[in-house]
Amino acid sequence: YDYTKYNTMDEISAWMNQMERENPDVVSSMIYGQTYENRNIALLKIGLNSTTPKKAVWMDCGIHAREWIVKLLLNMDGYIYSWIDNTTRLWRKSRSPGTGNCTCFGTDLNRNFYANWGMVGISRKCCLEIYNGPSALSEQEAKAITEFLGMHQNQLLCYLTIHSYGQLILVPYGHPNISAPNYDELMEVGLAAVKAIESVHGKSYKVGSSPDVLICLKQCILNFKSAAITVTATLWTTLTALWISSTNVI
Ligand SMILES: [Zn+2]
């Protein structure tokens, strides 16, 4: 597996299998859902076996198809589509067909979660890149995460969702007028992460809620093509998982 290039879906799947095979004490896998095109969505569980209960950190990647830097893809249908040719390279959404009269494909999975669904930073136009779907959790991929995390809600310590957009650590919510109840705690963790990244990699990250950090939000989305490779993360501790995913407005 070559870490210095982008990898196809098949290469990523083979890498996941290899990780599990070579590290049986630490890595195990599990299928927790299916995509619209019936691909299995798998997770890798990383951790030593323990007799005492442990908290988990959830990390998902690849919710946006074109953000190729990530691994462990959620939006596999979109990812495979983005590999077809230059005309599909910047595909972002899922691959489910439009409903009603709409002939366009795909929902922005990141805008399909049910927390404050459809409130800000979305479009109701099915052909647009930030279309939030016919209803909350209309997409199987968003549903799979929501249901899985719903079942493990009490075990979760932290939720990270990885994008490739800017050197940013975003905390909930992605709403200009609503702050997370534990906003101060999230910022404290985010600022500590910024410091740690800086000291190890010398990269400077910004931390804040998306309306605070992404002042040019709509413009930024439109200008995505020129964006650099980076990571954003949503942090949470005491909130429910189901809230969090929908707070990422990137
Ligand atoms: Zn993204």
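A residue counts as buried if 20 or more other C-beta atoms lie within 10 Å of its own, as exposed if 12 or fewer do, and as partly exposed in between, with C-beta atoms placed from the backbone. Val 27 is therefore partly exposed, because 16 other C-beta atoms lie within 10 Å. The model is predicted, and local features need pLDDT of at least 70, side-chain atom pairs count only at pLDDT 80 or more, and totals for chains, interfaces and linings use all residues. Residues are numbered from 1 along each chain as its sequence is written.

Val 27 lies in strand β1, residues 27-34 (helices, H or I of at least four residues, and strands, E of at least two, are DSSP runs numbered from the N terminus). Leaving out residues up to four places away in sequence, Val 27 touches Met 19, Glu 20, Leu 44 and Ile 46, where contact means C-beta atoms, placed from the backbone, within 7 Å.

## The nonpolar cores

A nonpolar core is a set of buried Ala, Val, Leu, Ile, Met, Phe, Trp, Tyr and Cys residues joined through C-beta atoms within 7 Å. The largest one holds 21 residues, of which Leu 73, Leu 74, Met 76, Tyr 79 and Ile 145 touch the most other members. Two or more residues of this core come from each of α2 (76-82), α3 (140-151) and β4 (156-162). A second, separate core of 9 residues includes Ile 169, Val 171, Tyr 205 and Val 207.

## After helix α4

Helix α4 is followed by Gly 202, whose phi is positive, near 70°.

Key: Two residues are in contact if their C-beta atoms, placed from the backbone, lie within 7 Å.
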